[in-house]
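Keep the sequence and the 3D view side by side as you read.

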Number of protein chains: 2
Amino acid sequence: MHPLTGPQTPPHSKHLSRRGNRIRQHQGILQEGYTQYHADKHGENNPNGIINMGTSENKLCHDLLHKRLSQPDMVQIQPPMLQYADWKGHRFLREEVARFLSHYCQSPSPLKADNVVVMNGCGSLFSAIAAALCDPEDAILIPTPFYGVITEDVGLYSSARLYHVHLSGEPPFHLTVEKLEGALNRAKAEGVNVKAVILVNPHNPLGEIYSAEEMTSFLEFAKKHELHAIVDEIYMLSVFGERNSFCSVLSHDRLPDPQRTHVMWGLSKDFAMGGMRVGTLYSENRHLVEALDHLGYFHCVSGTTQHQVARLLQDRAWIDWEFLPENRRRLQEAHHYLTTELQGLGVPYLHRPVGFFVWADFSKYLRQPSFSEELELWRHFLRNRVVLSCGQAFSCSTPGWFRIVFADQESCLQLGQNLCFLSLVIRETKETERHRPTDANCSQTVVPSLSSNDFVVMESQVSHSPAKLDSLIDDLRQQIRSSDWLQRNTPELSAGEDPKQLEVFTELLERARK
Amino acid sequence: MHPLTGPQTPPHSKHLSRRGNRIRQHQGILQEGYTQYHADKHGENNPNGIINMGTSENKLCHDLLHKRLSQPDMVQIQPPMLQYADWKGHRFLREEVARFLSHYCQSPSPLKADNVVVMNGCGSLFSAIAAALCDPEDAILIPTPFYGVITEDVGLYSSARLYHVHLSGEPPFHLTVEKLEGALNRAKAEGVNVKAVILVNPHNPLGEIYSAEEMTSFLEFAKKHELHAIVDEIYMLSVFGERNSFCSVLSHDRLPDPQRTHVMWGLSKDFAMGGMRVGTLYSENRHLVEALDHLGYFHCVSGTTQHQVARLLQDRAWIDWEFLPENRRRLQEAHHYLTTELQGLGVPYLHRPVGFFVWADFSKYLRQPSFSEELELWRHFLRNRVVLSCGQAFSCSTPGWFRIVFADQESCLQLGQNLCFLSLVIRETKETERHRPTDANCSQTVVPSLSSNDFVVMESQVSHSPAKLDSLIDDLRQQIRSSDWLQRNTPELSAGEDPKQLEVFTELLERARK
């Protein structure tokens, strides 16, 4: 049984095959939290529902998307859109994707539509690529931690498995060719047949951005061992730092092994539309593209959606002058809220101005440095109506890390409310003496350096250590009052645009006051 | 090697796994014709391109769909549509599907949204159901002939295989419980593990409509042997005969084994929108629905498309008073064109007023009653720019049968042109003495009985047997002149709505005159 399956594992069904039962019983931690959240979502009508800070989704820009997608050019019902078409995507869309990637990845020469495959999301691409490159039980290298769902993506249908490259040592979670070589050697010694390596850049959940030199060294490693390199660049436009250091492998003048380099991107993250289910692959390997063409039948996107997406990618004025700058501004603001809160709580985290999440170290709240303790803490958060992603769901090798999503909220106002609530839970967690006796980490006092790209460990607030919940809440109230948060949000609150939100917020304050 | 793979089989690729090569090399006859057609489509700008009478697609009603799908209610960009959602379909859509099926299948009590799964097409549903019900190499019974792509649907990803129930004897292609029992016994004797049976009603390619009593007997057979029954009713609203005898299994008061009865439907056929990629499953089996929920991630439909489909299914006035009657009228008219042409040519066919195709017997054009001869005839058609589906691609047990699609044209005008061309090819086929020496079938003279539902064998035109191509063409010209086809289409031709079409038609006539 999978260690994360938990008590909810459904019993064996006589109606399903062994495989069917395996699929049905499959329930990682992310799935469990996600399912509970969907059954009891926090919202205007359900103020005591579960707050989702676990799903890596950007809900900050719905207004911009709503406005653009409601324009008349989005509706165009031409016969080909309603008819059977190229299973790897309509040519008009693949051409648009090629132009888009050529521009935003800064390719040295125009990318070709023939090398583009469109499927209903990158999960489907992972599944189909795994089926085409791997036989059942073959393996794909992946550095840990990583976005945990990839395990199911390559395994559920295609029975390929991931072989982990653990990133221990200092600096934390640093990927090197030596670590890749070490893992590959271990795999070979164990008789595991490794076919490929997955490289995620910008990284989820670390937020790491690998330089062109680093990526080249990883690709040289893949070439040396005749491994396919599956490069996932799905967060490439969600970098919001002052200096954007991201560099797509498609911008490289010469790839070490172009026939074995396959680059994924999609609209779920960078265009905040996971519900549109559009992922893209760029590969010069004709054989892979042909195999994906055959599997594409199971993963294709409706014609009307393909039209919408093509129109969107075509509209450079909107992308460059409206969507991207505003999206980055909002991401940065939300990131600032969360990291300020974490600093206030003394929770160390990796400061990376990219993506929708922060990778934070809650190890000081573990009674023991173990994964079962981490799981206990994760369940504690869930019982307290907050779903996060814990490190073991991402196969992290060190217990205590959590991914906190700051963009899965309709607005910063809502994020503020959620953070208040999260703080309450975290403080209460401390109060109930969950922290381990020898709290070495907590006694560390390192000056935060938010302007740097380094690992950030904040001054601990253990010294506060209030004796009662009352005083904890009092602390929180003080914090809310003393911060400029209310003031900053006063226009939004008083505008009365969403009186329900004000109500919910008031209720949260009330709870804090009780 | 698959017997239908043909000379186009690509060589083994060193970059792909064994499975990847198998997927890439997989190329049934349907695929081959489809690929050639897509590379060289007949159309306004390519009058010498390939005419597609092989793909079961309804292109007769684009005007109605265009009008409805362009209305403002179709555009509604709500946050949930752009966000990650229930992988088995948004609740609003599953509720709409349940209401729709309750009404059009005449279920005795309202169907439930919880039992509905939505995926991007019925091919995906077949794939996911096969994964959930079968382990690799397990089998599913299916009567032959059948829509050939189902082989790939259950096999490509899920490695389940079909076990054929051959429908020989008289009346032709008649399905009985005895034949199902016989096939199951053979499978067991061969050590094959059969998990399910696929029942397609109305049938593709036969056009057979099974009565409630027949379906019940098949379902009783499935229950007796603890087989799942996968009932595919994707053509349920495309019955255009005077008396609509179709009866969904969802209308039955009591199903023999509701936990093992799973009913498929979709919008590809009945709403003529295969490009929208929407298939639905109705099953009371919670375990199956849960397994499909997990696989649904790979097969989900974009939120905006789910909204469009929900709106469409909701609009009963449009469905009942605009779309369905007009669609049926056009299907009937096109069916009439084709069957009249086949009668004129003396090609026997099954007269079934349902679906988009006619199942016709070209065995008299085979030099030998063999599948290699059938394949040769199919290639002969393809070389002459017409793609059809031959029986062996549908695992038919008798050589010489072809499925001819009459609805994969933009209009009846185009169908008329295509039929002229098809007739030319068929007559030329005869002229070149392709027919086998002992032409027993051709000498049959059975009076056509178009009003009955029986097997129709037309009076053969072998007696014409003109000596030269010139006189053949002359025959065709006579036929065009003497028929009311031109007259019937005069308003369309002279309206000048599409001068290109008139041009193409004139060119075809010119070709006939040369």
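**Cysteines without partners**

The sulfur of Cys105(B) has its closest cysteine sulfur in Cys247(B), 9.3 Å away, which is too far for a bond. A disulfide would need the two sulfur atoms within 2.5 Å. By that rule, the count over all chains is zero disulfides. Cys122(B) is likewise in no disulfide, and its nearest cysteine sulfur, that of Cys300(A), is 12 Å away. Both cysteines lie under the 20% limit for buried residues. Cys105(B) counts as buried because its relative accessibility is 4%. For Cys122(B) the value is 11%, so Cys122(B) counts as buried too. Bear in mind throughout that this is a predicted model.

Now turn to the sheet of chain A. Seven strands form an open sheet, in the order S2-S8-S7-S6-S5-S3-S4, with mixed pairing. Which strands stand at the edges? They are S2 (116-119) and S4 (161-166) of chain A; each has a single partner strand, so one side of each has no neighbour in the sheet. From one strand to the next, the twist averages 25°.

Look inside this sheet at S6 (residues 228-232) and S7 (residues 261-266) of chain A. The two strands run parallel and are joined by four bridges. Val231(A) has Val263(A), in S7(A), as its bridge partner. Helix H5 (residues 91-104) of chain A packs on the sheet, where it touches S2, S7 and S8 (279-283) of chain A. The direction of H5(A) makes about 115° with that of S2(A).

Chain B has its own open sheet. Its seven strands follow the order S2-S8-S7-S6-S5-S3-S4, and the pairing is mixed. S2 (116-119) and S4 (161-166) of chain B stand at the edges with a single partner strand each, so each has one side without a neighbour in the sheet. Neighbouring strands are turned against each other by 25° on average, direction ignored.

Within the sheet of chain B, S3 (residues 139-144) pairs with S5 (residues 194-200) in the parallel sense, over three bridges. The bridge partner of Leu141(B) in S5(B) is Val197(B). H8 (residues 177-189) of chain B lies across S3, S4 and S5 of chain B, and runs at about 135° to S4(B). H11(B) packs on the sheet and touches S2, S7 (261-266) and S8 (279-283) of chain B. The direction of H11(B) makes about 150° with that of S8(B).

H11 of chain B also leads across to chain A. Follow it to helix H1 (residues 18-25) of chain A, whose buried residues are Arg19(A), Gly20(A), Asn21(A), Ile23(A) and Arg24(A). What covers them? The cover includes H6 (122-133) and H11 (286-295) of chain B.

Step back to the whole contact between the chains. It takes 81 residues from chain A and 81 residues from chain B. The two chains bury about 7,100 Å² between them, with 54% of it on carbon and sulfur atoms. On the side of chain A, Tyr84(A), Tyr157(A) and Phe298(A) lose the most area to chain B, together 14% of what that side buries.

Chain A also has a contact within itself. Its domain assignment gives domain 1 (40-55 + 320-513) and domain 2 (65-314). Their contact takes 27 residues from domain 1 of chain A and 33 residues from domain 2 of chain A. About 2,500 Å² is buried between these domains, and carbon and sulfur atoms give 63% of that area.

Last, check the backbone. Most residues other than glycine have a negative phi, and most peptide bonds are trans. The bond joining Asn204(A) and Pro205(A) is cis, with omega about 15°. Pro205(A) is found in the loop between S5 (194-200) and H9 (212-224) of chain A. In chain B, the peptide bond from Asn201(B) to Pro202(B) is cis, with omega near -5°. Pro202(B) lies in the loop between S5 and H9 (212-224) of chain B.

Two residues of chain B have a positive phi without being glycine. Gln106(B), with phi near 55°, sits in the loop between H5 (91-104) and S2 of chain B. Phe173(B), with phi about 60°, lies in the loop between S4 and H8 of chain B. Are these residues buried or exposed? Gln106(B) counts as exposed because its relative accessibility is 62%, whereas Phe173(B) is buried, with a relative accessible area of 4%.

How values were computed: Residues numbered from 1 in each chain as written. Chains lettered and ligands numbered in written order. Predicted model: local features only at pLDDT ≥ 70, side-chain atom pairs only at ≥ 80, totals over all residues. Heavy atoms only, no water. Buried < 20%, exposed > 50% of the residue type's maximum accessible area, 1.4 Å probe, protein only. Contact = heavy atoms within 4.5 Å. Pairing = 2+ DSSP bridges. Axes fitted to C-alpha atoms, helices over the stretch in contact; angles between N-to-C directions. Domains from an automatic or database assignment. Buried area = accessible area lost by both parts, 1.4 Å probe.
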